[in-house]
Each structure stands twice: as structure tokens, then as C-alpha cells.
Amino acid sequence: MRIPLSWLRELAPNEASLDELMAVLSELGLPVESVTPIGDDLTGVVVAKVVEIDSIEGADKIRRVMVDTGGEELTQVVCGAWNFEVGAVVPFATVGTTLPGDFQIGKRKMKGVESSGMICASDELGLPGGDHSGIMLLPDDLPLGADFSEAMGITADVVIELEVNANRPDAMSVVGVARDVAARLGVPLRLPDPSLDAVGEADPISVEVIDAEGCPRFTARVVGDIAIGPSPAWIQHRLTLAGMRPINNVVDASNYVMLELGQPTHAYDLAKLPGRGLRVRRAQDGETLVTLDDVERRFSAEDLLICDAADTPIGIAGIMGGASSEVDDTTTEVLLEAADFDPLTISWTSKRLALRSEASARFEKGIDSGGIDRAVARFVELLRETGATASTTAADGGPGRPAPAPVRVRTARVNALLGTELGDSRIKDLLDPIGFATSVVEPGQLDVTIPTWRPDSAVEIDVVEEVARMHGYSAIDRTVPTSTLTGGLDAHQRDRRLVRQILVGAGASEAWTTTFVSEAELRRANQDPADAVVVSNPLVADESLLRTSLLPGLLRSLAYNASHRELGVWLFEVGNVFVQPPAGQQLPDEREVVAVALGGGDATDAVSVWNVLAEGLLLRDTRLEAAEAAGLHPTRTARILVDDEPVGFLGEVDPAVLDASAVPERVGWLEIDLRAVLRSPHGPDQLVPVSRFPSSDIDLSFEVDEATPAGAVLHTMRLAGVDLVVDAALFDVYRGPTVASGRRSLTYRVRFQAPDRTLTDEELSAARQGLIDAVEAAHPASLRG
């Protein structure tokens, strides 16, 4: 929204500096986007008339133009614009002129033709709303050679461009902004008080509102004695500063009223209206209309149309008029429309047709339903300056909008929301100047009547916002809201993040695979589809099952990488798996698991990754035992136990599964129930102080049956030496002639250390014997010599 400072100060007289005014506007919720000084110095720019236009040999984008600047001789210039012909009146910058932007005008040659000056576009003169698409065309009656600024009534001014949000429809007018400024600065608001002064009676007209929901009110008035011509210079100047191009006195008066009061109006050439009437109705599907921009529009039943008395469309309600009833040079009598349309209807049609206008921008937000008559009188008053008169012939249709009911506002609620200590009288003093009529019903209880120009406000909280705006946000102390929710990760989320970090550190990359799988995928991974949960509305028909393991998805990823000659890829995923609910449970059994697929790896690699993960989580009691698992190698698989509770499996993927999945390499595998693992003691709580006393390492070799897991023996030693054993690890496996058939030798290195003393030889010997006795008692094992 562009507002000339002179216009704003005319309605809200004040002596505030420009910087102070910008601060006030920002405080009022109308931030300033730009400030443009206008007409500071256009000395040397004069009014000129084009008298000759000739082509230039060898040039197809520029022309030789002769202009009359009121002197004895014509002036020759070269111009690249094509939007004017002989007889056009234009602004002309003479040689020696300095235009805005420090652009110096001098003589120069183009294609051998000397150019002495420049015909100007509006943006070259620093006028807002102008562009560089063509020369600025001036009224034909301006005196040639006259100073451009004087002839156009341009005085030094400033154009302020504001950002207007959707909840401030009143700020789409100069009056709306001036009302806020006057209230904040404590100065009177000088509203236009136009007089209709209707004289004479024209032939009758009619208005019929078929769709009152789309058009609560529609008024029409006959304005006669029209002589189409240019508007007074002051109107043209203000329209130009506000970013609108002057067209003629009728169109300019309509645009001026829209900018000033926020009420769009439309003038129809009454001679082009069959039946001298207007009808407001919904469109019929497929109905068409050629609008003022000469484009044929096609409508649906949701669109609202303005039709003539013969029911022929002549305009799109609230958006754009039709070409058939356009005002032109022959117009002598117009029918002026001023209406109130439903914002949603206008918004929907505007977006569907991709047709947005200044009028639709205001109707979409909501206009002042109580200001329609003022807008009509203001239009007539402006047009009266060029000889027009208002007839007493008028028509009014539609039920109108109901009067707004008072809104009860609680002073305590206002202060609680804003953190202020305002009293009833102070709140009234803040609201009354902006039209929110306030009365004190009883102490702490106010009745506020919302003005018709604020359709965005309806309830108590809206009024509280107005109090905050007028009181000033800067006057409200800043506080940090208190809350019982301080944010952050919970313990499980922190542990899950730690698991990811550990696996990345182990050399794996995180993957994501889809939760939905097909029956064929499950069978390829040796998973039973009968265990899977069926999705009733799958995104892909073939993927109608929820995964029971992360194995199918990660194998698919490894196969994809292998097809691109990327082998040895290590991937991990944290995700949920689903199986059929157990008896008595309605919902599927859903578990969060972590799986690691080690491309090119084997069961040993899977054990190593598990050990890294267990050490990173500081799990105290873990062990492995031989087992079988679906999709894994039958003799290279182990069950993982933490605190004697099974939490998952590790090993190698079955070669048959790899072949079915198109994976050309061995794959180590680890899959654990994350929540089950994290339920066991883990983390920093398991740490113990580091002993400052020396440790002793002892190697123990046991001959055991092939069926005895090495991890089981290790687990037994850790339990037996809980007081003194600080570390134990398998470092050698031997099969040979010195070991009985069906048995193997397992050698462990055990570290003993006491937290408070140096262990004696007798203590070490007793501790060593205690481990030997425990292993031989728990397993078919014997110590090797």
C-alpha cells in the first residue's frame, strides 16, 4: 500500500518527523517497506508534444522524434519507446538536466542521429508506480514548455510503502492508516465529509440481488452530465504517487475513492445497459464474459456475476468489469455501483481465474459495509469538479449486514494476556479513537462495539490485540513465558542417538527402507508372510504387508549397491517391525529394532560390531549362545543375551537368501530389540572408578566340546570373578592332534585388579583357581596344561 505523506498528513495533521512517523507505523503493525522521496528536483523537465516520428536507417528498435517544447525550433531526439504517436504530450528532459539517480542528460549520437534530450518514462522521473515499458503520456491540455512539476501539480513529497497483512482490511485505505496514526499521535482525524447534492431525476433504474449470501448489499446511482476528459491535476498527481495511472475523470474518481476510503466502485456506461438495471447472481457453468482487459473468461457455478436487466453478464463481482459496458469518450451518463461482496467468494474466483485487481484485493479482506454511502458521495464530489451531477435516481438491493453486537471485554483478561496493569478508563481511551466504541458496564467489564471497517475483529481476543497495538508493544515489558515443558530429548531418545553415533563410528552408514514389503520379499528373506500384518489400504498393491524384520529392506539396499559395483557396503537402520498380535492383544506387536548389514563381512564382523556397541552403551552382562534365526546361516548364528534376556541375533545371512536377493557377497548380520537392550543396566551408571593399583594378566586354556559356545565360557568367568576380574577376552581357538576329537581349545586372557590394593600371589592363585572351578563345573570343560 503506497501512501503519499502529504495525503496522510492532510487526514491526520501532525508535525512528526519522517523517522518518528515510520516508528509509529511499525508499532501499529504497519511496517514500512520503503520510503521514496518525490519531486525534489525535476528542474529542466518540461512539457513537450511529439510532432514528427521517423525511422532511422539500419535501426529497428529506435526512432527519430521531433518534439515541440514551446520554443521557436523543434528539438530532435532518439527514442526507443513505441507506446506513443504523433500528437502525444510527454515529459521531456532538456540537455543539462539531472534526473533522479544522478542521471545526466546531454547530447549524443545514435546510429548517426544526434539526440538532444530525452523523452521520459515515469520511473525515470522517480514517480512511484511507474515502469520502463513506455513513455509517460500527459494530458493533452497542458501548456507546451511548461515546467513539468508545476504543470502536473507535483510538489516535494514522500511516498511511504506499507506492508498490510490480511487481518488489517482497513489499512488498505489512506483513511484507515490515518485513523491509526491520529489515534497514536493524539491528533484529530479529518475524515472526508462529502455532500451528494443530488439534483434532478433520471429515468428509473433497477437493482436485483439474487444471491444475498454473495452480495449482502448492492447500491447503484445515476450520475449525469458526464464529459469524459482528464481529471484535475491534483487528482492525477495523487493517483500517480499512490502507484495508479490516471486514465480519465470517471475512472480516476473511482480509483481515488478506493485508495482513500477502501471502497471499490465501478461505473457502467448507462447507455450500454439494456433495461437500465443490474442483477447480481451466481454464474452458470460454462458462461463467458470478455473483461476490460479483452480476455474472455469462463465461469463456474461458484462465481458471482453482475448482469444487466436482460441477465447478460457485464462484470465479475468485486474483480473486474466487462468490456461491453466500459466507459469511453462518448459516455455522458454512468450508473455507479458500490457494493459489499462476500470475501471468500471473491477470493475463490480471483484465484481460480488467476485474475487479481486492486478491487479484489480489498474485497478479499473485507470492506467497510457501513461506508458505502460515503464512498458514493465522495465519487460524485470528485466528479463534480469536471461538471458531473448526481441524480436522485438510485436503487439499493440486498439485506445488508446485521449491526455488530457489543463484545464483552474483561479488563483482568486484557492485563493477564498483555502483562500490563491497564484500568478501565485507559482501555476506553485507547479504543475509542480507532472507532471501537467502549462503555464501562461495571468495574472490570467493558462492552466494545466493533466498527464496520474492521470485519477482521469479532471476539474478545481481537479487541485485546487492538489494545496492545494502541498501547504500544514497546511499552509492554518483555518476559519469557513460563512452561512445565522445557524441551530436550528424553533418556530413550538420547540412547537411540548414541547407538547411531556408535554404529557410524564402527564404519556403517545409516539407511532408511520402507516399512511396506511384499509377500515375495519376505519369502526371499526366509520370513514367514503369515506372521506379517496386512495393510488394508496399501500405497502400492504389491507391498501390502508390514515388515517383520529389517532384513528384506537392507538386503534390497545391498543388492542395489552391488548392481552399481559398490561392494563391501556396511549399512544400519533404526526402525520398527511388526508381527501379528499375541492372544488377547488387539493391536499388532510393534518393536523398535536396530539392524546392521555388513556387506562383504561375516559372523566375526557381526560379533565385533556387537562388542563395539555393547562397550559403547556400557552394557555389563552380555553373552552369545548358538541359535538359529529365520534368514540367517544355520551354523553361524548366535542369540544375543543381555542380563540373561534374549535381545536379538547376530551371524551371517543364509547363502540361499543372498542368492534370492541378488547379493553377490557374504553379509554379516546383527539385529537387536532396541528397547529390550536399553531396559538393562547401561550407561555411565555402570562405570566404576579406575584402580590406581597394578593389574595382572593370566592366560587360561580350556578344552571344551564343539557345541560349547566360547561366549558361554567367557560369561561364566566374568560372573565367577566379579570382584577382581576387570577384563576377559578370547584370543585363540585351536583344533589339532593334541585336542580330542569333537572338542576344541579356547584360550582367554583374564585381567585381575583390585580397587584398593595390590593383589598378592596367594590372592591371584585363589582367584585363578576360582575361575577354573567355575568353568569346569558349568561346562564340559577341562583346563589344558
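A polar contact is a pair of N or O atoms within 3.5 Å; within protein, one must be able to donate a hydrogen and the other to accept it, and residues adjacent in sequence count only if both atoms are side-chain atoms. This is a predicted model, in which local features need pLDDT of at least 70 and side-chain atom pairs count only at pLDDT 80 or more, while totals for chains, interfaces and linings use all residues. Residues are numbered from 1 along each chain as its sequence is written, and side-chain values use heavy atoms, with hydrogens and water left out.

**First stop: Glu-364**

Select Glu-364 in helix α8, residues 358–365; helices (H or I, at least four residues) and strands (E, at least two) are DSSP runs, numbered from the N terminus. The side chains of Glu-364 and Arg-356 are joined by a polar contact of 2.6 Å. Glu-364 has a relative accessible area of 17% and is therefore buried (buried is under 20%, exposed over 50%, partly exposed in between, with a 1.4 Å probe and protein chains only). Beyond its neighbours within four places in sequence, Glu-364 is in contact (heavy atoms within 4.5 Å) with Pro-343, Ile-346, Ser-347, Ser-350 and Arg-356.

**Second stop: the nonpolar cores**

Select Leu-25, Leu-162, Val-177 and Phe-379, the residues with the most contacts inside the largest nonpolar core, which has 73 residues. Such a core is a set of buried Ala, Val, Leu, Ile, Met, Phe, Trp, Tyr and Cys residues joined through side-chain atoms within 4.5 Å. Another core, of 35 residues, lies apart from the largest one and includes Cys-215, Val-280, Leu-305 and Ala-317.

Move to Glu-201, in the loop between α4 (174–185) and β13 (206–209). Its relative accessible area is 72%, so Glu-201 is exposed. Residues up to four places away in sequence aside, Glu-201 touches Ser-391, Thr-392 and Thr-393. Selecting Thr-760 as well shows a C-alpha to C-alpha distance of 126 Å from Glu-201, across 559 residues in sequence.

Val-459 is found in the loop between β26 (445–449) and α12 (460–471). Val-459 counts as partly exposed because its relative accessibility is 44%.

**Last stop: helix α19**

Finally, select helix α19, residues 710–720, whose buried residues are Ala-710, Ala-712, Val-713, Leu-714, His-715, Thr-716 and Met-717. Among the elements covering these buried residues are β36 (696–705), β37 (725–734) and α20 (761–778).
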